[in-house]
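Below are some points for a colleague who is opening this model for the first time. Please read them with the sequence and the structure side by side.

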Amino acid sequence: MDYVFSGNDRTSRVHVDELRSLEGWAGRRVNMDRVLLKGNGQVEMRDSGSGELLYVNSFSTLFQEWQATEEATKVDKAFENVFLFPMPKSPVEITVRLFDFKGGLACSFTHPVDPEDMLIRPAGGPDVKYSYLHRGGSGEKCIDVVVVAEGYARKETGAFMKHAREAVDAIFSHEPFGSMKDRFNFIAVPLVSEDSGVSVPRKNIWKNTPLGSNFDTFYTERYLTTSRLRKMHDALAGIPYEHIIVLANTEIYGGGGIFNSYTLTTARHAGFRPVVVHEFGHSFAGLADEYFYDDQFVEYYYPEVEPWERNITTKADFASKWESMMGCEGVGLFEGGGYQSKGVWRPAIDCRMHTNKAKAFCPVCQRAISRIIEFNTL
């Protein structure tokens with residue numbers, strides 16, 4: 001399902017763009033009717049006749065991040081968003097909900113989908129050969145993650161494969177991924193780029209790459225993202241995938257991770273290994289950043305609202321977080337997290353979600369990752 005989300009800092013709108021059909025279903029086959037994490041938005045599919053909830057998933061978006069920027073106070077913008085659904089057997093209703101920074105409903109949009117609709121366009125097979133970097137088991141029982149090349153020219157395919165293996169090794173070097181590796185499949189997708197490298201707007205460098213990624217997202221130097229999500233999903237048609245890691249062919253430091261959307265990080269920087277793990281913590285497990293600034297334009301978290309991310313707290317409902325783990329293995333309450341120096345607490349002095357120098361995820365993050373792996377595979 002291809003959508004366009006639009007609005008500004010005060011308004012949110014959802015529009016249907018196009019319906020596509022893919023062969024096979026690589027998403028979860030358990031817990032289809034509930035979510036483990038609330039996210040910043042949710043999509044659900046209900047049978048039109050009975051109203052039965054067939055599928056629901058949660059997510060975050062670049063659009064919602066943008067709504068917290070100063071630019072969003074001055075102009076309306078539109079962002080692409082793509083969500084995967086299992087193909088229904090009969091007509092259904094799809095609902096998209098977006099939540100505001102206090103967890104309230106910002107927008108709700110419902111529309112019908114008939115699986116026999118002649119205008120559902122089949123997505124073609126992949127134009128690139130893909131290969132398994134790690135195969136924990138069958139796709140029906142494992143979480144399928146694609147590692148995708150961005151900005152690699154044809155002659156650099158070998159370099160991409162090396163970087164893709166390093167990314168998977170880095171993830172499995174962290175618990176609980178290492179001990180639960182049999183629940184994952186990692187697949188390399190060596191997309192060929194016309195240009196080598198990625199776009200760096202602040203240097204007036206613009207590259208023609210498969211996914212159209214660029215630094216300087218929201219005018220933030222190190223924030224590397226792509227807003228061309230339809231292009232990305234079209235490139236993956238025919239490949240079994242549920243989660244996406246994009247490796248950018250550049251030495252410039254940067255990256256980004258959006259919950260249940262994608263991870264994007266630079267593969268030639270010296271800090272590549274810890275950064276790709278950190279960003280995968282965002283996109284796969286919905287973990288929050290545990291670092292903070294003193295000059296944020298807007299607060300993301302409010303004292304009366306408990307964040308949905310499992311590794312930060314405002315103490316509004318600390319019992320639902322890591323209260324039962326207090327005092328164990330260095331777990332405590334340390335003020336500063338979620339980009340805010342005050343009013344938000346993290347569970348450890350250091351963690352993979354806090355700095356690149358940390359050696360591991362803290363126990364609270366490890367528990368959160370374990371739970372989401374189990375939720376998607378048991």
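1. S193 is buried, with a relative accessible area of 5%, where buried means under 20% relative accessible area, exposed over 50% and partly exposed in between, with a 1.4 Å probe and protein chains only. The residue sits in the loop between β12 (184-189) and α3 (229-235); helices (H or I, at least four residues) and strands (E, at least two) are DSSP runs numbered from the N terminus. Leaving aside residues up to four places away in sequence, S193 touches G151, Y152, A153, R154, N208, T209 and P210, a contact being heavy atoms within 4.5 Å. The side chain of S193 also reaches the backbone oxygen of N208 at 3.2 Å.

2. A word on the source: this is a predicted model, in which local features need pLDDT of at least 70 and side-chain atom pairs count only at pLDDT 80 or more, while totals for chains, interfaces and linings use all residues. Residues are numbered from 1 along each chain as its sequence is written, and side-chain values use heavy atoms, with hydrogens and water left out.

3. Phi of N204 is near 55° and phi of D216 is near 65°, in each case a positive value in a residue other than glycine. N204 counts as exposed, at 61% relative accessibility, whereas D216 counts as buried, at 15%.

4. A cis peptide bond joins E175 and P176, with omega of about 10°, and P176 is placed in the loop between α2 (157-172) and β12. For background, most residues other than glycine have a negative phi, and most peptide bonds are trans.

5. How many disulfides does the structure hold? The structure holds 0, a disulfide being a pair of cysteine sulfur atoms within 2.5 Å. C351 is buried, at 0% relative accessibility, and its sulfur is 3.7 Å from the closest cysteine sulfur, in C365, which is too far for a bond. C107 is buried as well, with a relative accessible area of 11%.

6. The count of cavities of 30 Å³ or more comes to 2. On a 1 Å grid over the protein atoms alone, a cavity is a set of points where a 1.4 Å probe fits but cannot get out, and lining residues have an atom within 4 Å of a point; points are joined across faces, edges and corners, and a volume is the space filled by probe spheres set on them.

7. The largest cavity has a volume of about 130 Å³, and of the 14 residues that line it, R28, N57, N260, I372 and N376 are the closest to its centre. β5 (53-59) and α5 (363-377) each supply at least two residues of this lining, with α5 giving the most, 3 residues. The lining of the largest cavity divides into 7 nonpolar, 5 polar and 2 charged residues, where Ala, Val, Leu, Ile, Met, Phe, Trp, Tyr, Cys and Pro count as nonpolar, Asp, Glu, Lys and Arg as charged, and the others, Gly among them, as polar.

8. The second largest cavity has a volume of about 70 Å³, and 13 residues line it, of which L62, E80, N81, L229 and I258 are the closest to its centre. α1 (62-66) and β6 (77-82) each supply at least two residues of its lining, and the largest share, 3 residues, comes from β6. This lining divides into 6 nonpolar, 6 polar and 1 charged.

Note on methods:
On a 1 Å grid over the protein atoms alone, a cavity is a set of points where a 1.4 Å probe fits but cannot get out, and a pocket is an open set with protein on both sides within 12 Å along at least five of seven lines; lining residues have an atom within 4 Å of a point. A polar contact is a pair of N or O atoms within 3.5 Å; within protein, one must be able to donate a hydrogen and the other to accept it, and residues adjacent in sequence count only if both atoms are side-chain atoms.
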